[in-house]
Each structure stands twice: as structure tokens, then as C-alpha cells.
Amino acid sequence: MKTKKLTYMSLMIGYSLILYIIESYMPNPLIAIFPGAKLGLTNIITLTSLVIFGVKDTFIILSVRILMSSIFAGPMSTLLFSIAGGYLSLILMTIALKLDKFSLVGVSVIGAIGHNVGQLIVAGLIINNSMIFGYLPYMLIASIITGVFVGVTSKYMVNKLQYITKNVC
């Protein structure tokens, strides 16, 4: 792996951890309407990395971020929720990008939906109750809102960081 590419990937991990910490201290405007919903600021880095570096390198970036942010967050359940949501989101966004039928905002919304579904699956397994999926419609609405925000932000970042794909990857 080239040193420049490794440096940019490390920066993406750092950025995602900074966004994770910022988000944990931010008042969440969605929490009143959708309890448990978050803006998903770290997903900006995941989507941007997927476009710039591809799925293999994004998997590495995502895995390191999940591991490190779970250390910050504390309980083991955080790791399980992050893995399920993050990896399902990455899989669905990769498929959506390959289909080439969705804008970056659309890919982001698909990723947000996948993230929430993955987390609901883990929650259902932990509490051993499928009734948790009754919360899915509310999470889907939150996914659309956060997915649009993440997609627009990622689109801006990808446009500004195009030189990386030309010079590094």
C-alpha cells in the first residue's frame, strides 16, 4: 500500500473518530421525535471513503473506526450495534453504487436504512423479541432525514477531494 494512500486512510479514520466524539456531545434534534436516532456524522466519512477508496479500504477504515469508537463508548453492546449497522450499511451502499442508478444522496439513504435495520436485528436478538421491528417505520423516517444530510455532505466532500482518486488510489 502506498504511503500517501495509507496516510489518507488514517486521516479518514481520525476524521470519523472526531465526528463520533462531536456527535456524542451534540444535542440531537431528532431525539424528541425519534428516540435513539442520531445524525450519523461518521457515515459521511464511510460514504466518502467508499467513493474515493473503494469497498476494501473503506471496510478497513470502518472497522478501525468501529473498534476505536466502541472503546470510547464503553459497553460491548455498542460494538455489536456498530458492527451490524456499519457493515450492513457498507454492503448496501456498495451494491447501490455498483448499480449506478442512485445519486450519492440515494446511496446514503440506502446506507442509513441498512444501518438502522442492522441495529434493529441486533436489538431483536439481544432482547429476544421481534416486536422491536414495530419501531422500524420511525427509524426509516429518521433514515431518510439523516441519509439526505449525510449524502449531501459526502457529495460536497467527494467533489472537493477528487484529487485523491487521481493522485493516490
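Predicted model: local features only at pLDDT ≥ 70, side-chain atom pairs only at ≥ 80, totals over all residues.

Visitor: How much space lies in the largest pocket?

Guide: The largest pocket holds about 530 Å³.

Visitor: Which residues lie nearest its centre?

Guide: Lys38, Gly40, His115, Asn116 and Gln119 do, out of 31 lining residues. Two or more lining residues come from each of helix H1 (3-25), helix H2 (42-53), helix H4 (76-99), helix H5 (104-127) and helix H6 (136-160). Helices here are DSSP runs (H or I, at least four residues), numbered from the N terminus.

Visitor: What is the lining like by class?

Guide: The lining has 13 nonpolar, 15 polar and three charged residues. Asp, Glu, Lys and Arg count as charged; Ala, Val, Leu, Ile, Met, Phe, Trp, Tyr, Cys and Pro as nonpolar; and the others, Gly among them, as polar.

Visitor: On to packing. At what angle do H2 and H3 cross?

Guide: The axes of H2 and helix H3 (residues 55-73) cross at roughly 155° and come within 7 Å. H2 and H3 are therefore roughly antiparallel to each other, a term for angles over 145 degrees.

Visitor: Which residues make that contact?

Guide: H2 contributes Thr42, Thr46, Ser49, Leu50 and Phe53, while H3 contributes Val55, Asp57, Thr58, Ile61, Leu62 and Arg65. Contact means heavy atoms within 4.5 Å. These residues divide into five nonpolar, four polar and two charged.

Visitor: And what about H2 with H6: how far apart are their axes?

Guide: The axes of H2 and H6 are 9 Å apart, at an angle of about 45°. Asn43, Ile44, Ile45, Leu47, Thr48 and Val51 of H2 meet residues of H6 including Phe149, Val150 and Met157.

Visitor: How many charged residues are in that contact?

Guide: The contact of H2 with H6 has no charged residues, against eight nonpolar and five polar.

Visitor: Finally, at what angle do H5 and H6 cross?

Guide: H5 and H6 cross at roughly 140°, their axes coming within 7 Å. That makes H5 oblique to H6. Their contact has 15 nonpolar, seven polar and one charged residues.

Notes: Residues numbered from 1 in each chain as written. Heavy atoms only, no water. 1 Å grid on protein atoms, 1.4 Å probe; cavity = no way out; pocket = protein on both sides within 12 Å on 5 of 7 lines; lining within 4 Å. Points joined across faces, edges and corners; volume = space filled by probe spheres on them. Axes fitted to C-alpha atoms, helices over the stretch in contact; angles between N-to-C directions. Parallel < 35°, antiparallel > 145°, perpendicular 65-115°, else oblique.
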